[in-house]
Structure formats: structure tokens, C-alpha cells
Amino acid sequence: MMKLLSNPLSPYVRKVRITMAMKGLKDKIELAAADTNPATTSRSTAPIRWARSRASSSTAAPPSSNSHVICEYLDSLAPTPVLFPKSGPERFKTLVLGSLADGVLDAALLLVYEKRFRPEEKWHAPWQGRQHAKIDRALDQLEKSPPAWGASPDYGHLTLAAALGYLDFRHEGKWRAGHPKLVAWLDRFAKAVPAFEETRPKA
């Protein structure tokens, strides 16, 4: 059995948990709480860490702190649904959407850390504005043409859903007012992937 060391409120962990559910792997992976405080942990490992459990074999996946790597490994363990197309334009499209959504997540998380770990007098408004601008640009781009899926959502779609869910959770859902198409898109995703609601963070 593999072990996922994680903060249950992390959007990166939510990505992995949605992947686990979609691939039918929930019973094969142990979830374990870990200290993910960025003050004591490097940024790359702050949200999530994937490690071998004591009972795992030497052929198990190597330890990793990257949610993309973990999700792609999980995708390789079961044939359907395919979350990462193997090659060609479809794979590129999935990776581009996933990268764009991860950019939203990164900026949203940094804004949370700024207020959580720095005193208010040290908040840097121009820097905060740049993070908000990154989020706004990405959402405005996606609002023009929300990404469709075929038989099932893929990694890019679930990453976007996790990003929008995090904006609801930590940023009061302010994104919704100006993005009605994305709101409808997220509702469709939630209906197609029950794990989205099942993994909703509870503060």
C-alpha cells in the first residue's frame, strides 16, 4: 500500500484524491496527515508528499511532492478513465490546461500565505495585485471557452475544478460574479465527478 502524507485542506491534495476516486484506487492508498506548514517545510513539499509505506514493495512509485507526478502515476495504475492522454494534441491540451489551472492555484495559495504568515503592515499591495492579476487573466481566458471533455474529464479538467474550488474555499468565491460560464462548467464537473463534492474541504 502507498502512503499520501498531506494536508487535507490543500487543493493539491484534493487533485490527488479526486484522481484516486476516478481511478478506483481509494482503497489502495493510505492517507496520513502531515505537518505542511510552509514555515518549516520547503515550498515544493508544503502541500503534499507521496511516500512508500513500510509494507510497500521496491517496485512501488518513488517518493514525490509534485501533484502532477503523483496524478500521472496513479493514472498508470488503472486503464480507465484516461486522465493523461499518451501522446499527440490531446495530451498537449490536457497538460496546458493543467498548467494554467496550477498557476491559478499557486497564485491563490501565495495570497493566503501572505496574510497568514506575515503581519498586515508587511503585506505588499503591488505583489498581491500581481497575484490577483494572474488569477483574473487565467479565468477570463477560460471564461471565453470553458474546456469541454469527451467520455470523461481528464487531469486538466480536475485541476481546474480544484483551482475553482480553492477560490471558493479561501477567497470567498469572488471569482463567480464575473464568470458565469465557468460557474456552469464547475456545476457540470461536479455532476460528472462525485469525488469533487466528496473531497470538498471543511475548515
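Trp185 and Phe189 are four residues apart in helix α6, so about one helical turn separates them. Helices here are DSSP runs of H or I with at least four residues, numbered from the N terminus, while strands are runs of E with at least two. The model is predicted: local features need pLDDT of at least 70, side-chain atom pairs count only at pLDDT 80 or more, and totals for chains, interfaces and linings use all residues. Residues are numbered from 1 along each chain as its sequence is written, and side-chain values use heavy atoms, with hydrogens and water left out.

The whole structure holds six aromatic pairs. Rings of Phe, Tyr and Trp (its six-membered ring) count as a pair if their centres lie within 6.5 Å; planes under 30 degrees apart are stacked, over 60 edge-to-face, and the rest tilted. One of the pairs is Trp149 with Phe189, which is edge-to-face at 6.1 Å centre to centre and 90° between the planes. This pair links distant parts of the chain, 40 residues apart: Trp149 is in the loop between α4 (125-144) and α5 (155-170), and Phe189 is in helix α6 (residues 180-192). Phe189 is buried, with a relative accessible area of 0%. The term buried means under 20% relative accessible area, exposed means over 50%, and partly exposed lies in between (1.4 Å probe, protein chains only). Trp149 is partly exposed at 25%.

Phe189 also pairs with Trp185: the ring centres are 5.7 Å apart and the planes are at 20°, so this pair is stacked. Trp185 is buried at 1%. Trp149, Trp185, Phe189 and Phe196 form one aromatic cluster. The charged end of Arg14 sits over the ring of Phe196, 4.0 Å from its centre; the rule asks for NZ of Lys or CZ of Arg within 6 Å of the ring centre and within 35 degrees of the ring normal.

Side chains of opposite charge can pair when their charged atoms come close. With a salt bridge defined as a side-chain nitrogen of Lys or Arg within 4 Å of a carboxyl oxygen of Asp or Glu, the count is nine. Among them is Asp102 with Lys15, at 2.9 Å from N to O. Asp102 lies in helix α3 (residues 88-117) and Lys15 in helix α1 (residues 11-22), so the bridge ties together parts 87 residues apart in sequence. Asp102 is buried at 16% relative accessibility, and Lys15 is buried at 0%.

Glu72 forms a salt bridge with Arg91, with the closest N and O atoms 3.0 Å apart. Glu72 is in helix α2 (residues 67-75) and Arg91 in helix α3, 19 residues apart.
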